[in-house]
Amino acid sequence: MGSLTEFGYIGVTQGSVFADEASTNRFAESAIRDLSAVHQLIVTSHPGAIDKENTNFAGWVEYGYLQAKKLSLLVSSRRDAQAVLGFYISGFKDGHVGIYHSEKGRSSWAGFILDKRGEDFVVSHVAKGWPASLPPIGSSVLSCDGKELHEILADEISPYVDRRLDLKSTWNHLAKHLTVDDADYPVLGRKPASNCQVVLPSGLKQNFDLLWLEDSGQLADFLLQPQPPQTVQNLGGGRYWVHASNFAPSADENASLEKMLEALERIDNAQLVVLDTRGNRGGNSLVGIRILSALLGDKYVKSLDRSSRSYAMWRVSPLALSTLNNALASTERDYGKSSDAYTFVAGLRESMNVALVEKREWLQQPDTSSLEHDRSKDSNHKNFRGRLVLVTDSFCASACLDFADTVLAVPGAIHFGLPTSADTVYIDIGAEVLPSGAQFWLPLKVWRGRVRGNNQSYDPRYVFDGDINDTAAVQKWVLGHF
């Protein structure tokens, strides 16, 4: 990827040319207003902005803001304005910093989707009825318009989507953007590729002219990450497949979760248990703890806690207070005022209010171990002796990674699938609406002493070289190792 100094030239020599035009350009003005609001929220509410242990984050707060404002001089559409915001936000390299645009254009694409498998960019999906020739599934794309794909992704797309190029999962996600101009991740001044060199499954090389069309509805099925129903499958012979795919269950989904937990508690003859997190988009880490406690027993799960010395510090801010107010209301609705969870959030909310009055910068969060094991009346004592397997896709982050932390701490546990995503030590998001109407969210607290490092991923021992969303294929592959 180009260095920050390389980005620095954008708009510098052309500033005087575009200045008058930008002053009358409502989209450029919208971009500047949103940038200002995002910058202010980061400065006043994100723990990274005052984190002395992460000077790179604090450096981007101002330097990135300056670069994004220069880019705003090139804005001539709503999509351009959204791209400039994406440029600034991606520079924080924080998966919990994000934005949702309620008003956006439609995506366009070249009729096929790429996955990164090993070092190859492989065609994984093709459109139906496309009015141009398309490379068949299984083909490998070597270059487009004479450029290597790594170069295109690093220099042209990554700055607006995800700059964590040290993560294998990032490349997997970026690969899809090679042939998709995604409305959720616009790239400023993008020039879609017109021709790609491809190696067919037969081994022959062929050039394909690309026809880019606006999406008519096929893309969603290809880009949407499937989420298998959260269930337990008894495969026979003491083998069980557990879909731990949803850590943010709705009220209706909670009923399914409870049934799954009951089924896990009844397992007492397991030779092999596969914990499949494909489709898990994070959520509440306590869901993962409950799943493992039902399977392994409360006492054993507690013994695996490698983060006993970690603690959380909240950045004191009005946004943190309003977020805790909202959390308290939802906790009352879901658990009632008599619950330990409500008492915990209420105490934290009151402490945040006091900290704001006293103009403090940080507030330490009380220990949450009592919440994690607020099930003493249902304490589950088990003696699990089977083999444990973890399966991940490249989207595993946040609460899914917390789950992986514990599973991989079990002696003999084996990791299959794809390299996970990663998250920073910043967590627990709050949200604000920007002047344009877009919703911006950012984390409000930081973990200190966390065993897993900042933006550290997990790489599996066995990497799947196929469609990770094909459950039958993944199951056959995993079980074939035992």
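In the predicted model, the side chains of Arg450 and Asp423 meet in a salt bridge at 3.2 Å, N to O, a salt bridge being a side-chain nitrogen of Lys or Arg within 4 Å of a carboxyl oxygen of Asp or Glu. The pair links distant parts of the chain, 27 residues apart, with Arg450 in the loop between strand 19 and strand 20 and Asp423 in the loop between strand 17 and strand 18; helices (H or I, at least four residues) and strands (E, at least two) are DSSP runs numbered from the N terminus. Arg450 and Asp423 are buried, where buried denotes under 20% relative accessible area, exposed over 50%, and partly exposed in between (1.4 Å probe, protein chains only). A network of salt bridges links Asp402, Asp405, Asp423, Arg450 and Arg452, and the structure holds 19 salt bridges. Residues are numbered from 1 along each chain as its sequence is written, and side-chain values use heavy atoms, with hydrogens and water left out. Because this is a predicted model, local features need pLDDT of at least 70 and side-chain atom pairs count only at pLDDT 80 or more, whereas totals for chains, interfaces and linings use all residues.

The loop between strand 17 (414-417) and strand 18 (426-433) also holds Thr420, which counts as buried at 1% relative accessibility. The side chain of Thr420 reaches the backbone nitrogen of Tyr458 at 2.8 Å. Leaving aside neighbours within four places in sequence, Thr420 is in contact (heavy atoms within 4.5 Å) with residues including Ser169, Cys396, His415 and Tyr458. Thr420 and Cys396 are 24 residues apart in sequence, and 5.1 Å separates their C-alpha atoms.

Ser169 is one of the buried residues of helix 7, together with Thr170, Trp171, Asn172, Leu174 and Ala175. Since 6 of the 8 residues of helix 7 (residues 168-175) are buried, this helix is largely enclosed by the rest of the structure, its buried residues packing against strand 3 (112-117), strand 4 (120-126) and helix 6 (149-161). Lys168, by contrast, counts as exposed at 56% relative accessibility. Lys168 forms a salt bridge with Asp459, the closest N and O atoms being 3.7 Å apart; the two residues are 291 residues apart, Asp459 lying in the loop between strand 19 (439-448) and strand 20 (462-463) and Lys168 in helix 7. Asp459 is partly exposed, with a relative accessible area of 44%.

A further salt bridge joins the side chains of Glu214 and Arg106 (3.6 Å, N to O), and both residues are exposed.

Note on methods
Polar contact = N/O pair within 3.5 Å; in protein donor to acceptor, adjacent residues only side chain to side chain.
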